[in-house]
Structures are given as C-alpha cells and as structure tokens.
Amino acid sequence: MTLDEVRTLSRGVLSGAGLSADHAAAVAETLVAGERDGCGSHGVYRLLVATRSIATGRVSKDAVPVVSEPAQALVRVDGGGGFAQLAFERGKPLLVEKARKFGIAALALNNVVHFAALWPEVEALTEQGLVALAFTPSHAWVAPAGGTEPVFGTNPIAFGWPRPGREPFVFDFATSAVARGEIELHRRAGKPVPDDWGYDADGNPTTDAAAVLSGAMRTFGGHKGSALAAMVELIAGPLIGDMTSKESMAADDGAGGSPLGGELVLAIDPAGFLGAGVAEHLTRAEAMFEAIETQGARLPGSRRYAARRRSLVEGVRVPASLHADLMALAQG
Ligand code: NDP
Ligand code: PYC
C-alpha cells in the first residue's frame, strides 16, 4: 500500500466507527507513522484494536480536549475520554512554549484512551529542538519480577534528543519483555513466543501466545524493568491524578477496550541550562553517538528511520490476512 492509501483506509475505518473528523485524523496519522516506520504492532493493525475499543462504548468519539495551566510550567489536557492522540496534539503548542520559557515543562494528559506508540510524540518535540520524555501506564497485564500475577501495564518509556541536521536520537520501549501488540501479532500468525515473555494462567512459563495473553507478561531486565514499570505507574498515574494499570483494567470491567488513564510528557530546552553554549554542548553529544556507531552498534531509532526512507519510496507491505480484516472493517 502507498502511505496515502494507508491514511485513507485508516481515516475511513475510524470515521466509519463514529470518530469525529479531528480524532480520526489525529489517530490515523500515528497509524500511518507506525506502518511507515516498520512498527507493525502499532501500525494499521491498531485499527482492529481501536474499533474494538470504540465498540465497547468506553471511548468518547467526539471528545473535545480541554487545555489548562495548573502552574506556570505545567500543562494539563483533559481528554474527555477520547483517544490520546488529539489531546497530545492540542497540548503540544503550550508545552513547547513553556519549555522554551522556563527551560523545562510538563504536560499531563488525563482521561484519555491510549493504544498508541509514544515515539511520534517525543519525535515531534525534538523537531522543536527539545529533549523529551513520555510515559503511560496501560492495563494490568504484567507481573512484577519475582511474581506471576499481573500488576503493571506494559508501561512504555520514550526519550528523544534533538541532533542538529540529523534524525533525532529516539528510543521507545515497553517495560514488559515486549509490547503486548507483538504477542497479539504472534497469536494472529499462529507463531510461538519465546518462553521468557510470559506465564500462563497457572504461572508457568509458556511459548503459547494466547496463554500469555490470558496469563501474565514479564518485565524486561528482571527487577530493573519491574522498578521502571512501577515508576511509570506512579508518575503517569497518581502523580497526575490518573489511573494505575490495575485501576484501568477494573474500569474496563472485562469489556476488552484499550487502557483508559493518563500520560506524562516532559520537555526540556537545552538552552535553559546552557544558554549561548548550547551548540557546543550538543556537538559534544555527537561524540557519544559516533563512539556507538563506529564500533558497529546501532542507535535506537535507526531501524525506524531506514524503514521510513524505504516506505516513502516503496510504500508498505501489510500481511494479506490483516489487509482482508481491514477491508472488511472498511466495508462496515
Ligand atoms: P522494541 O523492543 O521493538 O524497540 C524498543 C526500542 O529499542 C526502539 O527504540 C528500537 O529502535 C530500539 N532497539 C531495538 N533493537 C535495538 C538494537 N539492536 N540496538 C539498538 N536499539 C534497538 O519495542 P517494544 O516492543 O518494547 O515497544 C513497541 C512499541 O509499543 C513502542 O513504540 C511503545 O510506545 C508501544 N507501546 C505502547 C503502549 C501504550 O500503552 N500506549 C504500551 C506498550 C508499548 P528501532 O525502532 O529503531 O528498532
Ligand atoms: O502493545 O503493549 C502494547 C500496548 C498497550 C497499549 C498500547 N499498546
């Protein structure tokens, strides 16, 4: 498919499911970006997830995000129960303005339904010359290290660093061993998963994707990923007055919708600390990137940027079975 075809399909499916034009456009752009950058778990596959969420009745289809300023360097957007993408879009300009003015600013998205990758958001902030961090809880699917009962969400952490004249340094990963979407794709393809991705409902390690989905996922990096998952719960849950992953799961009450809750985004202007010395210090950062790449290691984001360059020319390949499901959705 060409990227324009992906966009038209995504907007059509989302509008057909009842989303307002603003929401459909904002959500569609993140799906196009996911497909374009080779992130299958957060590309057009997510149309199935989004429409299932809408069908649960737990997504406000025409919510109008409300932007407020709880303090000088803080922005809050009440998403009104709509998808997070439009809430971020509406909060971003004020976040950028405040980061430039105060050197650092934070944006809390509240009361949003979240199924998206976070890198499009941190990347958008690096385009403004800002360093950015983003965090969001999800549903309680992940067991803490040492346990087998779900407590945490897949709780991604994304980081972006602007690089003058270059693609930004961006990483974005779940604090679970892998994103849940990846396990769903394995289940759809009938493929086993590695036995360290999760447990079945009895707490035994398993390679059966469906069993992990109904059991518990594992954190990455043992106790370290577990502690980071707990941090995401805290700073993008209670700290901003929103739900933990367990609370989101309880609110869903078995309906099978996407996580409902909050997201925290931090933006830092390098000039805030460095003033006139900013260019010199950002250049010093380049030495670190060079030291990584010259030994043959790759930077996070480099696979995505390569996929992006390819997709812009060649378009993208969508698996036939997924394409058939999407066409069925598009035809109502
Ligand atoms: P991956 O494990 O696929 O990738 C994680 C990061 O590591 C990427 O930035 C990737 O860069 C980088 N990376 C991967 N391999 C290497 C390598 N060999 N060397 C250097 N860097 C590498 O991500 P996850 O499966 O953990 O998460 C996928 C997506 O799911 C994320 O975008 C996340 O935001 C999303 N998600 C969203 C949730 C939500 O609640 N909204 C919940 C959980 C996940 P590159 O992309 O270039 O490969
Ligand atoms: O893939 O883990 C995931 C996920 C959860 C919410 C959005 N993506």
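A word on labels before you click: helices (H or I, at least four residues) and strands (E, at least two) are DSSP runs, numbered from the N terminus. Residue numbers start from 1 along each chain as its sequence is written, chains are lettered from A and ligands numbered from 1 in the order in which they are written. Keep in mind that this is a predicted model, where local features need pLDDT of at least 70, side-chain atom pairs count only at pLDDT 80 or more, and totals for chains, interfaces and linings use all residues.

**Stop one: the domains.** Colour 1–55 + 301–332 as domain 1 and 63–176 + 219–299 as domain 2; these bounds come from an automatic or database domain assignment. Their centres, taken over C-alpha atoms, are 22 Å apart. Domain 1 puts 17 residues into the contact and domain 2 puts in 19 (contact means C-beta atoms, placed from the backbone, within 7 Å).

**Stop two: domain 1's side of that contact.** Select helices H2 (21–36), H3 (46–55) and H12 (302–314), which each give two or more residues to it. H2 has the largest share, with seven residues.

**Stop three: ligand 1.** Now show the 28 residues around ligand 1, the closest being Ala-117, Phe-173, Ala-174, Ala-179 and Arg-303; a residue counts if its C-beta atom, placed from the backbone, lies within 6 Å. Strand E6 (166–173) and H12 each supply at least two residues of this shell. Why does ligand 1 lie between the domains? Because domain 1 and domain 2 both give residues to its shell.

Technical notes:
Two residues are in contact if their C-beta atoms, placed from the backbone, lie within 7 Å.
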